[in-house]
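Here is a friendly walk through two interfaces, one inside a chain and one between chains. Have the viewer open and follow along.

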Amino acid sequence: MAELAYREALNQALAEEMERDPRVFLMGEEVARYDGAYKVSKGLLDKFGSARVVDAPISELGFGGLGVGAAMGGLRPVIEMMTWNFAILAMDQIVNSAAKLRHMSGGQLRCPIVFRGPNGAGGRLSSQHSQALEANYAHFPGLKVIAPGTPADAKGLLKSAIRDDNPVIFMEGELLYGVKGEVPEGEHLVPIGKADLKREGSDVTLITWSRMLTAVVLPAAELLAAEGINAEVLDLRTIKPFDAEAVAASVAKTNRVVIVEEGWGYAGFGAHIADFISRECFDDLDAPVTRVHGLDVNMAYAENLERLILPSAARVVEAVHQVLYR
Amino acid sequence: MASTESMLTMYRKMLLARRFEEKAGQAYGLKKIQGFCHLYIGQEAVVVGVNEALRESDWVMTGYRDHVHPLVRGADAGMLMAELYGRDTGYSKGKGGSMHFFDIEHGFYGGYGIVGGQIPLAAGLAFASKYRNEDRVTVCSFGDAAANQGAMHETFNMAVKWKLPVLYIVENNRYGMGTDIARVSSVPEIHKRAPGWAMRGEAVDGMDVLTVYEKAKELIEWIRAGNGPVLLEANTYRFRGHSMSDAATYRTKDEVELEKQRDPILKLRQVLLEKKAASEAQLDAIDEEEKALIEKALAFADASPLPPDSDIWTHTTVEEGEPDEKPRERVLGAKDVKWPAHPTDFKVTWDLEPRSKPDPEAKKGAKS
């Protein structure tokens with residue numbers, strides 16, 4: 001296995017899928033000659049030419065919708081949003097077109113498209129550039145939502161997303177692009193909708209996804225281990241459809257749950273998981289489900305305030321103490 | 001100049017459209033059709049004139065005033081009416097209704113309920129055609145008010161830059177719902193905005209089907225030759241309100257009466273009679289045939305079952321291996337349904353943004 005950065009793993013997935021299927025093309029701001037704002041598309045223009053790696057004008061609604069139309073017309077577009085904050089401008093086409101085409105046409109049309117780009121805080125970028133928006137998209141029927149936390153999952157899930165016949169929201173971690181990890185070579189596919197047990201444990205289940213996995217939850221598990229608390233870490237990887245079976249199995253094992261997400265708590269995706277556990281795993285619970293999430297405020301620029309707003313390993317440890325009544 | 005046969009076809013199709021919409025309006029009054037329902041009455045020359053200039057393999061899409069676009073392309077009137085009635089035999093199995101007609105078999109890619117939402121989608125359809133080196137043209141209609149959406153600006157910029165084969169038609173009926181387009185537009189003659197995108201823009205009398213046909217034919221040929229998109233403004237008028245719930249009090253009776261004298265169907269009838277292409281009796285017979293066809297459509301819709309309750313769970317996502325629904329095959333057992341078969345193995349030859357090879361000397365210079 002090769003050690004690759006998250007961005008390199010994504011690049012490999014794109015190159016392999018474009019090699020495999022001429023219908024796949026990449027469009028977005030700065031993706032071609034600039035090699036991508038985060039260098040995810042590095043070298044792809046030279047390899048595939050200007051009709052398959054397309055520099056779009058700064059018109060998220062326009063090229064987002066153009067991508068949806070191309071998918072209706074039999075292609076498999078990958079639309080890069082420079083960040084998910086900017087994709088808010090394309091929300092109409094993602095929600096009112098992509099997510100509803102199959103339905104409105106009574107099954108005549110399908111919309112195999114991937115919208116991808118960085119999500120979550122990037123570090124000292126203030127409020128317009130530091131939003132974790134997966135809950136927004138998870139809300140809409142017709143969309144799949146993916147948020148991988150490791151390079152291997154990033155590659156395997158992007159390949160699966162490109163091959164899926166539905167519109168897929170693929171959320172990369174803005175602070176994950178440089179993170180390295182082992183990535184299987186060649187045909188590495190990770191199925192959509194399957195969680196991954198990133199750490200086995202017996203005392204408490206920590207459920208998370210995307211950047212929180214490596215930045216907060218795994219370090220928290222180490223801190224807890226030093227205290228003699230054995231935490232299980234379940235990485236959902238896919239937000240929608242989420243792996244209900246894996247969640248239930250882990251709760252049955254540990255009987256205590258802390259959900260960790262970067263986004264806001266109010267109507268956040270963790271609330272949906274907590275709802276599922278309270279209804280489906282009630283008899284397995286020894287403590288109320290607890291959540292650690294971004295504080296419900298707009299992100300500040302100041303270093304100390306930003307740190308306080310985002311979830312931290314210390315807050316996770318505190319929440320675990322709570323569910324263990326320690 | 002349109003042939004006599006073609007003129008008679010257009011006459012028949014305008015009547016088909018008119019009679020369909022009149023009956024839809026009546027059925028709405030009887031509460032057989034509910035929700036929002038926007039009729040095309042008065043504007044028939046636009047959709048029929050353009051359709052006559054298209055090939056079967058071309059694609060069409062529009063906004064929510066979408067009943068007659070698929071109808072004149074050959075969609076089954078009964079199944080369209082059944083969709084309005086919310087029945088299982090409708091094109092979308094009662095999931096779409098008035099604003100979301102789709103008939104992929106006849107190249108009709110949908111009715112869209114978000115004003116201007118179809119504008120970028122049509123560019124995408126055209127992008128797919130050009131990407132596969134096909135000579136298809138996509139036609140996208142929208143209303144005058146949609147021209148004030150940002151989506152139009154964003155799309156036209158890309159469509160011109162990438163020379164996408166798409167004909168954009170502004171069906172300018174002068175009112176965005178109840179607002180006179182001139183009240184909210186700095187340039188209400190929408191085709192005059194085209195030069196701002198280095199785009200070809202033209203206007204046509206949208207109440208004269210022969211003029212629309214000639215202009216559309218010329219523009220579609222120009223687009224098919226690879227010259228890029230065109231914005232055609234068809235100046236037209238709707239004889240009814242914006243939707244069934246609109247009494248249209250923002251227009252004077254005199255204005256509406258004056259416009260009704262320009263009725264595109266009466267106008268073509270006059271031409272056909274003057275040219276002695278058909279007799280009064282022959283033209284009346286065409287009308288009777290279309291009326292009978294719509295009566296059958298109403299009876300079909302009336303007799304159709306509601307979709308099964310279990311249908312709420314279908315068509316939200318595509319399951320692996322799930323085929324597409326082919327409505328005429330499903331409902332009528334038709335064996336002749338042609339479905340778009342997009343190639344999965346082809347070579348992309350389009351160089352969207354050609355550039356000269358980088359100068360090795362310049363690169364050396366940059367390093368030092």
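Into which domains is chain A divided? In this predicted model, chain A consists of domain 1 (2-183) and domain 2 (196-323). The centres of these two domains, taken over C-alpha atoms, are 26 Å apart. Where they meet, domain 1 of chain A contributes 30 residues and domain 2 of chain A contributes 26 residues.

**Between the domains of chain A**

About 2,200 Å² is buried between domain 1 and domain 2 of chain A, with carbon and sulfur atoms giving 58% of that area. On the domain 1 side, the residues that lose the most area to domain 2 are A:Arg124, A:Glu134 and A:Ala147, which together make up 25% of what that side buries.

Polar pairing is found here too: 2 salt bridges cross this interface, along with 13 residue pairs in polar contact, both residues being at pLDDT 80 or more. If you want a pair to look at, A:Lys198 and A:Asp153 join their side chains in a salt bridge at 2.7 Å, N to O. On the side of domain 1 that touches domain 2, helix H7 (134-138), strand S6 (144-146) and helix H8 (151-163) of chain A are the elements giving two or more residues. That side has 16 nonpolar, 10 polar and 4 charged residues.

**Between chain A and chain B**

Now for the contact with the partner chain. Chain A brings 49 residues to it and chain B brings 54 residues. The two chains bury about 4,100 Å² between them, and 62% of this lies on carbon and sulfur atoms. In chain A, the most area is lost to chain B by A:Arg102, A:Met104 and A:Gln108, together 17% of what that side buries.

The rule finds 5 salt bridges between chain A and chain B; A:Arg110 forms a salt bridge with B:Asp324, with the closest N and O atoms 2.8 Å apart. There are also 23 residue pairs in polar contact between the chains, again with both residues at pLDDT 80 or more.

Several elements of chain A each supply at least two residues to the side that touches chain B, and they are listed here:

| Element of chain A | Residue range |
|---|---|
| Strand S2 | 24-28 |
| Helix H2 | 44-48 |
| Strand S3 | 53-55 |
| Helix H3 | 60-72 |
| Helix H5 | 91-98 |
| Helix H6 | 101-104 |

Which element gives the largest share of that side? H3(A) does, with 10 residues. By residue class, the side of chain A that touches chain B divides into 21 nonpolar, 17 polar and 11 charged residues.

Note on methods: Residues are numbered from 1 along each chain as its sequence is written. Chains are lettered from A and ligands numbered from 1 in the order in which they are written. This is a predicted model: local features need pLDDT of at least 70, side-chain atom pairs count only at pLDDT 80 or more; totals for chains, interfaces and linings use all residues. Side-chain values use heavy atoms; hydrogens and water are left out. Domain bounds come from an automatic or database domain assignment. Contact means heavy atoms within 4.5 Å. Buried area is the accessible area (1.4 Å probe) that two parts lose on being put together, summed over both. A salt bridge is a side-chain nitrogen of Lys or Arg within 4 Å of a carboxyl oxygen of Asp or Glu. A polar contact is a pair of N or O atoms within 3.5 Å; within protein, one must be able to donate a hydrogen and the other to accept it, and residues adjacent in sequence count only if both atoms are side-chain atoms. Helices (H or I, at least four residues) and strands (E, at least two) are DSSP runs, numbered from the N terminus. Ala, Val, Leu, Ile, Met, Phe, Trp, Tyr, Cys and Pro count as nonpolar, Asp, Glu, Lys and Arg as charged, and the others, Gly among them, as polar.
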